[in-house]
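Me: I'm new to this one and would like to be walked through it. Could you put the structure up, and then I'll ask about it bit by bit?

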Amino acid sequence: MDDVAWTRTEMLGPEAPPASAVGIVGWMRANLFSTWLNVILTVAALGAIWLLASHIVPFFAHSVWNASSYSECREIVARTWGEGASGACLAVIRERWKQFFFGFYPADYYWRPTLAFILMFVALAPVLFSSLPRKMLWFSAIFPGVAYWLLWGGSIFFPIAIYLGFVAGYVAFRVAERGPSFLPPLAAAVVTIVWWLFIAGPLANLLPDIGLPAVQSKQFGGFMLSMTIGVTGIAFSLPLGVLLALGRRSDMLFVKWISVGFIEFIRGVPLITLLLVASFLLNIFMPPGTNFDIILRVIIMVTLFAAAYMAEVIRGGLAALPRGQYEGADSLGLNYWQATRLVIMPQALKISIPGIVNTFIGLFKDTTLVAIIGLLDPVGLITSIRANSAWNGIVWELYGFVGFMFFICCFGMSRYSQYLERRLRTDRH
Amino acid sequence: MADTHPVDASDLEPVDKSALKVSDQVAIEIIDMNKWYGQFHVLRDINLTVRRGERIVIAGPSGSGKSTLIRCINRLEEHQKGKIIVDGVELTSDLKNIDKVRSEVGMVFQHFNLFPHLTILENCTLAPIWVRKVPKKEAEETAMHYLRKVKIPEQALKYPGQLSGGQQQRVAIARSLCMKPRIMLFDEPTSALDPEMIKEVLDTMIELAEEGMTMLCVTHEMGFAQAVANRVIFMDQGQIVEQNEPREFFNNPRNERTKLFLSQILGH
C-alpha cells in the first residue's frame, strides 16, 4: 500500500496571473471573442451600431440653428446638404428656450428662479455629501422657504410664519413629553397643522408687506415647473414614506390601519385621476372663496402618490433587517424612536436606495402628466409650440430636447445612488 | 446542540472561585413565571433568585426554553404570568421601566447583533450618548477603555463586517459594558464561532467574572461552567430540572434527564 503521509515543507508565495488573462487583449478575448457565437454577436452588434450612427450623426451634423420657422429650416437643409438630406431644426429650441425653462414667468424676474435653482444645489450638497460641514444643513432647512419666496414672491413674512409652525410644534412636543409616549408626536402634529391653517395666514397679513413682487402660479411653466413639483415631491415623499412604512409595521392598530388604508388606496388609483381630482374636484369641497393654489394642489397629490410607493419600498428595507438589529438596539435601552432613527432606519434606507431612487425618478418623470390638467410643463409647451403655424409639423427636435433634459436629471440621480451605495458599503476591507 | 466544541476546563485560565464573592443582595428575582407562545407553554413555573456577584450557567437541550428565560429578564420576550424583578424594578408593560431595566442589564447575543453601519467605536458609544446622555468625548474614552480590556482597541475605527467572529463578539461584550451594566446576560455567546475563536471570547467572560459581574450564561461550554460558574441550572421542557454547584452537577447529576444530557455532550 502507498504511503499516504505527506507534509509540505515550504509554503507557496503568490504569483502574477498569465499575460493572456490581463490587459485589453485579455479583456477582449474573454468578453468579445470567447466563442464563435460570441464573435458573430460582436460583429452583428458593431453593424447595428454603425447603422444607427449613420442615421443619427448626419441628422445632428446638418442641424440648423438660425431659422424662424420649420419650413425655413427645411429649405436651408435642402440648400446646403442637397435635396432629401435630413437635418435637425434646432432653431425652435433657440427661439423658445426661455419658454422651455421659465414658462410665462415675467422676463424681468428670470433671476429669481435661476437663483433658486443655484441655491438648490447649495442646499442639496450637505444632504448628498456627508463630508461637507454639518452646519450647512441649516441652510438646507430654510431653503424651501427661501425658494418659495423667490419663486412666488409676496411678503417675506408668509414663509416665516409657516416656519414658526415648526417652532410651535416643537414647543408642543416638549410640553407633552411628560405624558404617555404617543402624546408628544401627536401634540406636535396637531399644533403645527392648526398653526398653519388658522394662525400663519392672518399673522403674515398683520405684518408689513415687505418682499418681492408676487408672481401667479399660472405664469409658471417649463422645466422650472417640473423642477418645482419634482423637487418638492421628492423632498416630502421620503419622510412621509418613512412614517407610513413605520406606521404599517406599528403595533398600534389604529396607526396601522390608517397607514395600510392610505397606502393601498393611493397605490390603487392612477396618478392622473388624483391630478384631475386636484384640478377640478378639490375646489368643490373647499369653503367658497378659498383660493387653493393649483401648483400646491398638484404637489400635494404627487407627494402623496410617491409617498405610498416610497412606504412600500422602505417597508421592504425594514423587512430585510434581521430581528437581531432590533434586539441589539432594545437590549441597550434605546427607546423606539432612538432605535428607529439611529439603528433601524439608516440600515433600512441603505438597503432601499435602489427602490427609493427608482421612485424619485418615476415621480420626476410623472410631473409631465400635469400637462393633462392644463399646466404648461415642457410637454404641455410642446403641444402649444406645435400648434403655432411657424413650427407646425416639428416633432423629433422638441420631444428629443425635453427627453434629453429629463434624461440628464434622471441619469444624475441614478449615478448618485450608485455612488451612495458604494460609499455606504461597510463590509469590505 | 451536538456540534459544539466543548473547551476543556484545563484550557482556560484557572479561576480562584473562592475569591469571587457572592453578596446577599438580590439582583434578579423570578417568581412563578410562565410564558406561552400562543398555545405553546414555553416556560413553566420558573422560580429563580440571583444574588449580586453570582455566575450562573444555564444548560439544557435545544428547545428547553433557556434562551427564552434570559430574554425575559430584559423583556425581549414578554411573560404572561408571575413576576420578574430586576434590580428592584418589576417588569410590566410600562415602557419606561423596561428601558430602565435594559439600560442596567447588558446582553450578548449568539449572532453579536452589532450595528453594521457604525464603526466599532460608534457601536460602543451609541447607547451611552443617547440613553445615558454622556458627553461624546467621555463616551469615547469609556469605549476605548473597554475595547482595550477586550484587547481590540486597534480596531476601533473599523466596521463590524471587517472583523472576525471572535473579535465581533468581544466588541459586543465591550458595547454592553460601556453602559456600565450591573448584570450581564449571555445568550449562547460562542455557538456561532469557529473553534479557534471560542477561547478568546471565553477568556474575556472569565475576566469579567473575576471582577465580580453578575452573570447569567446560556452556553454549551461545560468547561467554562466548571471554571467560572458558582451555580449550574439545567432546563428541560420549559422547566428548571436541576440546579447545583458545578462540581456536584457534573460529578453527581441527580435527574435522569440531566444524566442523559451530560453523557451526550461530554461522552465523546
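Me: Which helices of chain A each supply at least two residues of the lining of the second largest pocket?
Reply: A pocket here is an open set of points on a 1 Å grid over the protein atoms alone, with protein on both sides within 12 Å along at least five of seven lines, and lining residues have an atom within 4 Å of a point. Helices are DSSP runs of H or I, at least four residues long, and strands are E runs of at least two, numbered from the N terminus. The two suppliers are helix 2 (36–61) and helix 16 (396–423) of chain A.

Me: Before we go on, what kind of model is this, and how are things labelled?
Reply: Residues count from 1 along each chain as its sequence is written, chains are lettered from A and ligands numbered from 1 in written order, and side-chain values use heavy atoms, without hydrogens or water. Local features need pLDDT of at least 70, side-chain atom pairs count only at pLDDT 80 or more, totals for chains, interfaces and linings use all residues, and the model is predicted.

Me: Which helix gives the largest share of that second largest pocket's lining?
Reply: The pocket has a volume of about 370 Å³, where volume is the space filled by probe spheres set on grid points joined across faces, edges and corners. Of its 14 lining residues, those closest to the centre include Phe59(A), Phe60(A) and Trp396(A). The largest share, five residues, comes from helix 16 of chain A.

Me: Now the rings: how do Trp97(A) and Phe101(A) pair?
Reply: Rings of Phe, Tyr and Trp (its six-membered ring) pair if their centres lie within 6.5 Å; planes under 30 degrees apart are stacked, over 60 edge-to-face, the rest tilted. Because they sit four residues apart in helix 4 (residues 91–102) of chain A, Trp97(A) and Phe101(A) are separated by about one helical turn. Their centres are 6.1 Å apart with 70° between the planes, so the pair is edge-to-face.

Me: Is Phe305(A) buried or exposed?
Reply: Phe305(A) and Tyr309(A) form a tilted pair, 5.2 Å centre to centre. Buried means under 20% relative accessible area, exposed over 50%, and partly exposed in between (1.4 Å probe, protein chains only). Tyr309(A), at 36%, is partly exposed, whereas Phe305(A), at 11%, is buried.

Methods:
On a 1 Å grid over the protein atoms alone, a cavity is a set of points where a 1.4 Å probe fits but cannot get out, and a pocket is an open set with protein on both sides within 12 Å along at least five of seven lines; lining residues have an atom within 4 Å of a point.
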